[in-house]
Every structure is written in C-alpha cells, then in structure tokens.
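Here is a quick tour of a chain, from its overall contacts to a few individual side chains. Have the structure open as you read.

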Amino acid sequence: MFLTKDIMLHHVTLVLIVISALSACGLLPDQKEDTQNWSANKFYTEAKEKLSNGNYEAAIKLFEGLEARYPYGRYAQQAQLETAYAHYKDQEPASAIAAADRFIKLHPNHPNVDYAYYIKGLANYHDNWGIMNFMMRGFLKQDMSERDSKASRESFDNFRELVKRFPDSKYAADARQRMAHLLNVIAMNEVHVARYYMKRKAYVAAANRAQYAVREYPLTPATEEALYIMAQAYNALGMHDLSDDAERVLRRNFPKSEFIEDIHETENPPWWKLW
C-alpha cells in the first residue's frame, strides 16, 4: 500500500498533535516523573525540597501523594502537618485550617499537635497577606483593625488554646505576643465602629460601642479614643454628667492625650461654620 505525500503529511500532523496533547497533560512516559517506586523517605525529601524552594503547590501534591501511598507511619503524619504549613505559605488560609484541624482530629496526642494549633492561628492572622497586605496597609493605608474582626478573634482563640493546652510549647511565646497584638486590633475595631456611628450622628450606638471597648479591653491603647468618643457622644445627647465622667477618666489616665483639647470642639463651632 502506497501513501501519497498529502496523506503522509496528514498522518504526521495527527501524530504531532497527539504528542503535543500528551506532553501538555504530562502523560508521556519519558516526561512524567515516575513516583511508582518512591519510598516514603523519597516522597518526603522531594516535597520538603519543593517547600523550601517556595514551590508550595508542588510540595502539597507530593505530601498528599506520600500520604496516599504510605498512609501509616511517621512520614504520613508529618506530611499532614507540612501540608497545612504549605497551604498557609501559599496564602490559602481556609485549606491550611482544614488541614490543621484534620491533623488535630486524627492525632490529638501527637507530640507536635501544638504546631497544628499554631498554624491555625497563623492562618487566621491577617497581618501577612502578601500583595493583599501591601495594598491594605500600604497603598490603601488600612490596618487590621479596620477590617472585619472575625478572623482576628478566631486567631486569638487559636493562640489562646495553644497557650492554654501547651504552655511550654516552643510556639507559646510567639503566640502570646500575637495575642497581645490581636487584642489591640479587636479593641481598635470597636473604636472604628464607634467612630463610624459618630459620623452618622448615631450617638447612642457610638456611646455604647465605645463603652464596650473600654469595659472589655481596658488595658489596650484603644481605650484612649474610646473615652473621647464616649465624652463626645454623651455630650451630643445632652447627658453631660456621663460626658464629664468620661472626660475625667480620659484626663486622669491619658493626661497628654491629643483628644482632650478636642472634646468640646463641637460645643462652640466657629462663627463662620454655618452648616
């Protein structure tokens, strides 16, 4: 049987298309990395190398492959922990938390279970968002306290559980520092909300929110502005005794506060301000 030149070219084209498709899918035997004979140690070593090089997606796949091939033993357990960390580094907080929770559920008495709690706290700790963090804190000049405090509260709870259950953990000291910062963030979030209510002239809501911040987070920097808002809100409501009380507490605890001179600013507006 003889093939014409056109038919031969057609067959060659089809072969090249098939080869290209297979190559794109990674299905060619000489281009697909063969892991069939890999030991657990080989899987783990390769995954750790990918993780160290910042190739988090590849590392996650190898860790998951390790666990699928060798579901029992220390390598599989370590791979579960490393998977949580890799998701965290890859800015996938939900996946990191899910992986950490899975490890805690499967191995509640594991000697490294404290690390799983630590990863959960880090994943919720929104002060390290990569490019998003740069935009929020740099370009848009927004800090953590101006965003929804739900994740900050969850992060605080994660770190608190770590410190409570594992006070001697090597991650406990860092967790305590982050908790202190998060407490300030949560308190300041209440002040941001109170400030918003003041702008809307919702003085009752502003006073209540500021009072809540003072009552629940009295030792945080947010207390200073919260007292100032209370004084202004109560004054606007005609509740001058409460306004004076808030001002007195502000002066006693923050004698050099920049807010003090502005407390009564709204009482005597400039003659030129007609609106």
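## Contacts and overall make-up

Among the contacts in the chain with a separation of 6 or more, 53% are between residues 24 or more positions apart; contact here means heavy atoms within 4.5 Å. This is a predicted model, so to speak of confidence: local features need pLDDT of at least 70, side-chain atom pairs count only at pLDDT 80 or more, and totals for chains, interfaces and linings use all residues. Residues are numbered from 1 along each chain as its sequence is written, and side-chain values use heavy atoms, with hydrogens and water left out.

The chain has twelve helices and zero strands. Helices (H or I, at least four residues) and strands (E, at least two) are DSSP runs, numbered from the N terminus. Of the 275 residues, 40% count as buried, where buried means under 20% relative accessible area, exposed over 50%, and partly exposed in between (1.4 Å probe, protein chains only). The accessible surface comes to about 17300 Å², with 55% of that belonging to carbon and sulfur atoms; these areas come from the Shrake-Rupley method with a 1.4 Å probe, and for residues only the protein chains shown count as cover.

## Where to be careful

The mean pLDDT of the chain is 82, and 75% of its residues reach 70 or more. pLDDT is the predictor's confidence in each residue, from 0 to 100.

## The cores

The largest nonpolar core holds 50 residues, and Y118, I119, F159, I229 and L250 touch the most other members. A core of this kind is a set of buried Ala, Val, Leu, Ile, Met, Phe, Trp, Tyr and Cys residues joined through side-chain atoms within 4.5 Å. Elements giving two or more residues to this core include α4 (74-89), α8 (150-165) and α12 (240-253), but the largest share, nine residues, comes from α11. In soluble globular proteins, nonpolar side chains tend to be buried together.

Take I229: leaving out residues up to four places away in sequence, I229 touches V191, A194, R195, M198, A206 and A210. There is also a second, separate core of 13 residues, and W38, F43, A59 and L66 are among them.

W38 sits in the loop between α1 (5-25) and α2 (40-52), and counts as buried because its relative accessibility is 10%. The C-alpha atoms of W38 and R69 are 31 residues apart along the chain, yet separated by 9.3 Å.

Helix α3 (residues 56-69) has 14 residues, so at 1.5 Å a residue it should span 20 Å, and its end C-alpha atoms are 20 Å apart, which agrees. The expected span is 1.5 Å times one less than the number of residues. Its buried residues, including Y56, I60, F63 and E67, pack against α2, α4 and α5.

E67, in helix α3, counts as buried because its relative accessibility is 16%. Beyond residues up to four places away in sequence, E67 touches A76, Q80 and R102.

E225 is found in helix α11 (residues 222-236) and is buried because its relative accessible area is 12%. Its side chain makes a polar contact of 2.8 Å with that of R195; such a contact is a pair of N or O atoms within 3.5 Å, where within protein one must be able to donate a hydrogen and the other to accept it, and residues adjacent in sequence count only if both atoms are side-chain atoms. Apart from neighbours within four places in sequence, E225 is in contact with M188, V191, R195 and F259.
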